[in-house]
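Have the structure open while you read.

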Amino acid sequence: MSDEVLTAPLVLEYPFTRTTGPVIGAFLTGLREGVVLGVKRTDGSVMCPPLEYDPITSESLSELVPVSTVGTVQTWTWNGDPRPQQPFSQPFAWAMITLDGADTPMLHGVMVDGPDQMTTGMRVELVWRAEREGHITDIAGFLPAVDSATGEPGALPEGVEEVRSVRTPIRMEYTYTPGRALSQYLRAMKDKRILGDQCPDTGQVFVPPRGVSSIAGKSTLPDLVELPDTGYIESFNITRVPIKMRPDLTPPYVSAWIVLDGASVGFMGLGMNVEPEEVRVGMRVRAVWKPDDELEMSAQNILGWEPTGEADEVIDDYSRVGRPQREGAS
Amino acid sequence: MRDVAVVAFAQRQESKINTESEVEFMVPLMNEAKDAVGLTQQQIGFTCSGSSDFLAGQAFSFVMTIDGTGPVPPISESHVEQDGAWALYEAWVKLQCGEVDTALVYSYGKSSPGSLRDVLATQMDPYYVAPLWPDAFAIEALAARLLLERGVVSEQQLAEIASRSREHAASNPHAIRKTPKSVADILAEDYAMAPLRPSDLPASADGGAVVVLAAGARAQELCERPAWIRGIDHRSDAHTLGVRNLTQSMSARIAAEKAGVGTDKIDIAELHAPFSTSEAVLTTALGLGDDTVINPSGGAQAAHTMMASGLIRIGEAAQRISRGDADRAVATATSGPCLQQNLVAVLEGE
Amino acid sequence: MGKQKAAVLGVGQTKYDTTYPGSMAGMLREAATNALQMSGTCWDDIDAVIMGKAPDFFEGVMMPEVYLAEALGCVGKPIMRVHTAGSVGGSTACVATSMIQSGVHETVLTIGWEKQSESNAMWALSLPQPFATSVNAGAGGYFSPIIRRYMMMTQAPELIGCMVALKDRRHALDNPYAHLHQPDLTFEQVVESPMLWDPIRYSETCPSSDGACAIVLGSEKVAEAHTGPVAWIKGIAMRSESGSFGGRNMVSPAASEACANDVFAQAGIHDRRKEIDAVEMYVPFSWYEPMWLESLGFAEKGEGWRMVESGATSIDGGDLPVNCSGGVLSSNPIGASGMIRFGEAALQVMGLAGDHQVDGAKTAVGHAYGGAAQYYAMWVVGSEK
């Protein structure tokens, strides 16, 4: 058997919606209107961007003051390889910039041709994005400022609609690896074989295999055991409303814990070829496989579980699940 | 405070562990540490672990990993979404309560499945900073320029730190970046993220670590020369970079004072300093002098396993005490951008 | 040094709701400042903050204690972040308590929170996983087979769960912080609400909430100097077990029973039903009330549903009022839910539970669970030291 471990791309992305509250909301409203706001701290200094609390003393802050769109670079670094969601698509400088009228710097991008054009202390001017919505990226970035630029602080127009929430999408790409035990399990699935792993101390068999016995706290690798594709339902759920992740499933349908013959624990499987009302705890079932020419290295090869028509498994303790002892063991 | 010691330590760090799942590679480490002191899980009073869901892109990944301990029958257990050094701190506190005498601490992280530099951007202020996706190297480079331009450290000194890390790492089987490189050769490197050079950056690793703690007489029974935790403390700085003095670490300085770093000579220091610049800042914050060997393992620059690097520093320091290579050591752990949060532990042999 | 006494000095909450309108930091600060106010402390008095919440994917902020430290008075101070799945709010309060019991700190702020509206629970709790298929949506599909087993085991009448749901929603009417306020809800409406995860009806499930709950804890010295009422912590316990092994008791997991045995032994409780005046237990699906009544030793095995049926768990005349706050069934910001149980138990013995106060409550229990019913945290609090 090949020991090569499976991998698959995994993308986690979500367009998070963040409610902003008074201070962040006011700052973002200002950006949309082309005004930059800071907040007065208890020592009288001005922090930009503003927070609703002082980040040193945690005291509440609320007095907003407009600051300039021109400022001074406090420190910078050169980003030669920009990534998709960053301020500029061409190489740019990350910089900490203190806007005139503020006492603390903010992080943003400065667009220049190369690192030789960047210096600490250089003057830069904010560049607005053409279409603004009330988001930190309403600031497209900064450009070197001409000496005469002052970027007079503007005033927030009266009566504008306040920004109350902001969308901050996240997209992260991963290479998923299921590990040794699951890789073997998935490979065997292609041949319509079901593998489990066995606790070295108690003989309990876990399906799907996890590479570890949670009873012994020991590895179960490298040897897995093969199980038949028959077993029983130890309990079940009937889903009666559609779920987003499985548009292919029409409610009502049964999801059941299936305990395979020879296994000690159950796993969740889909009930097939049976009316939900006829499903019973203890009912004997067998796997319904995909057609042979559609088999993949995937647990999806088993479409579901259908009744075998055999007599029900006798369950003498409804509180306990699975089998505490290996079958045949005393 | 009750005397509590590190009595066992196991670790694994590789540039990429893509064959085994977290629980698969942690089980042997847990058993290595438990076997070293002859304890079974059921004989251990408290268990605490550290990990992060964001690294591997799996919610509740620690739920899979707890099975590695063998928690049947149930165990007294907790988990922090922090470096394992904070899990160790929680266990140390539990031992201080006096009801249990032993604790198992573990943590792990796999950075290789994702892009750690990008993943760490999601740790920044979610309204103003994270939406710009600044990567972790860029943030550190902003601090590095301040250090250089304000004369706190020179590029020569940074290169010396990076060179020494490689030199020390050469004899550490768990280190990733261990090929020697002279200061001159490092200074000749092109900037990776100016003013940081490739050798100033951490060598990212996948891996994990396990520590067994024991209190008082129990520690002496289990280990010939326990590494006693004489002081341990952790502190945070502000998150907003704009209000911090990035050339210093107030949090590390306070934690070091509380842990008693300065009360006597420190033989070795294992500093959780992912960058050359972080080592320079931490050395000053802890007040370490020329008589202290810094990062004899090569440190976190030589192998940086997110969520375990801090715990590994404590383990590396403890091992050197238990072997008799050192009598008094300090270990640190860090979290957040530019050393925002720091934990400091002082370990002694007697 | 040995174990020191610890007490609750203040509890602070936000109004639980579908969407908290402010920022994440603003939400935590609202709960924290409410707790500080009740305890008569300010940021400077706090030695450390212990934060708990469930998966970071809910808000898309990795290790958010890093971003939030400065909003919670932690500059120059320690902050920790606990995560033990659904039990986390309870575990976090336990960790914070041990900070004082150990003698390490004198005054600690602990806070549990979740801002589920930033994403949604279905996404954050069931991230896509290659090679696997999901036949269930959310936690209901996981817990419904366990509930089915309990119903078969005890032969409990089918509508016991509906009785719990109605009782908790009625309790919630007297708690201004509760998310769900349904004054006109009838038993018939609960029974006729859509069956989602049969045997779990829609009205038998918890809402998805935003919110934070904070507790200020003090040492014996600090508590004795405090002029207002305090809740003395008589015991804390945490237990965890594997979520899957053959022969596992899933109706009353061993970890649940071990956690209860430990905490009641610490508190010197012998007759649990008699000696406990109020219980805040973690009931995200209504049937878990009778299940936990048995597992935690308030009822004999198989008899928990009879307590529900008799009205014993109602604040209106019951001898063991359960979830007078409305419980998880009425508010569920996941990372805070356990902390709310612990905080509400403390408020009962402090006599500060307002309209949902159990008259003369002297001893109360806070309880939380999580994962595959495998993580447990409990505390017992009392009005007397």
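## A strand pair across two chains

Which strand of chain C pairs with strand β16 (residues 230-239) of chain A, and in what sense? The partner is β5 (residues 195-198) of chain C, and the two run antiparallel over two bridges. Within that pairing, A:Ile238 has C:Asp198 as its bridge partner in β5(C). A word on terms: strands (E, at least two residues) and helices (H or I, at least four) are DSSP runs, numbered from the N terminus. Two strands count as paired if DSSP finds at least two bridges between them.

β5(C) also pairs within its own chain: two bridges join it to β6 (residues 200-201) of chain C, again antiparallel. One residue sits between β5(C) and β6(C), and together they form a hairpin. Here C:Met195 has C:Arg201 as its bridge partner in β6(C).

## What you are looking at

This is a predicted model, so to speak of local features a pLDDT of at least 70 is needed and side-chain atom pairs count only at pLDDT 80 or more, while totals for chains, interfaces and linings use all residues; side-chain values use heavy atoms, with hydrogens and water left out. Residues are numbered from 1 along each chain as its sequence is written, and chains are lettered from A and ligands numbered from 1 in the order in which they are written.

## Where chains A and B meet

Count contacts (heavy atoms within 4.5 Å) and you get 63 residues of chain A touching 51 residues of chain B. Between them, the two chains bury about 4400 Å², with 63% of it on carbon and sulfur atoms. On the chain A side, A:Arg83, A:Leu107 and A:Tyr174 supply 13% of the area buried against chain B, more than any other three residues. Buried area here is the accessible area (1.4 Å probe) that two parts lose on being put together, summed over both.

## Cavities

There are six cavities of 30 Å³ or more in the structure. On a 1 Å grid over the protein atoms alone, a cavity is a set of points where a 1.4 Å probe fits but cannot get out; a pocket is an open set with protein on both sides within 12 Å along at least five of seven lines; and lining residues have an atom within 4 Å of a point. Grid points are joined across faces, edges and corners, and a volume is the space filled by probe spheres set on the points.

The largest cavity holds about 220 Å³ of space. It has 18 lining residues, and A:Pro49, A:Leu107, B:Val129, B:Thr240 and B:Leu241 are the closest to its centre. Its lining has 13 nonpolar, four polar and one charged residues. For these classes, Ala, Val, Leu, Ile, Met, Phe, Trp, Tyr, Cys and Pro are nonpolar, Asp, Glu, Lys and Arg are charged, and the others, Gly among them, are polar.

The second largest cavity has about 80 Å³ of space. Its lining includes A:Arg18, B:Trp133 and C:Gly60. Strand β10 (residues 165-176) of chain A gives the largest share, three residues. By class, that lining divides into seven nonpolar, three polar and one charged.

Chain B is assigned domain 1 (4-115 + 204-222), domain 2 (116-200) and domain 3 (227-348); the bounds come from an automatic or database domain assignment. The centres of domains 2 and 3 of chain B, taken over C-alpha atoms, are 17 Å apart. In contact are 31 residues of domain 2 and 27 residues of domain 3, and the area buried between these two domains of chain B is about 2400 Å².

Why does the second largest pocket lie between domains 2 and 3 of chain B? Because both domains give residues to its lining. The pocket has a volume of about 500 Å³. Its lining counts 29 residues, with B:Leu120, B:Ala136, B:Phe275, B:His304 and B:Met306 nearest its centre. α6(B) gives the most, with four residues. The lining splits into 17 nonpolar, eight polar and four charged residues.

One open sheet of chain A has three strands in the order β3-β2-β4, with antiparallel pairing. Its edge strands are β3 (46-47) and β4 (64-67). A:Val39 stands opposite A:Met47 in β3(A).

The other open sheet runs β12-β11-β15, also antiparallel. There, A:Gln198 stands opposite A:Val205 in β12(A).
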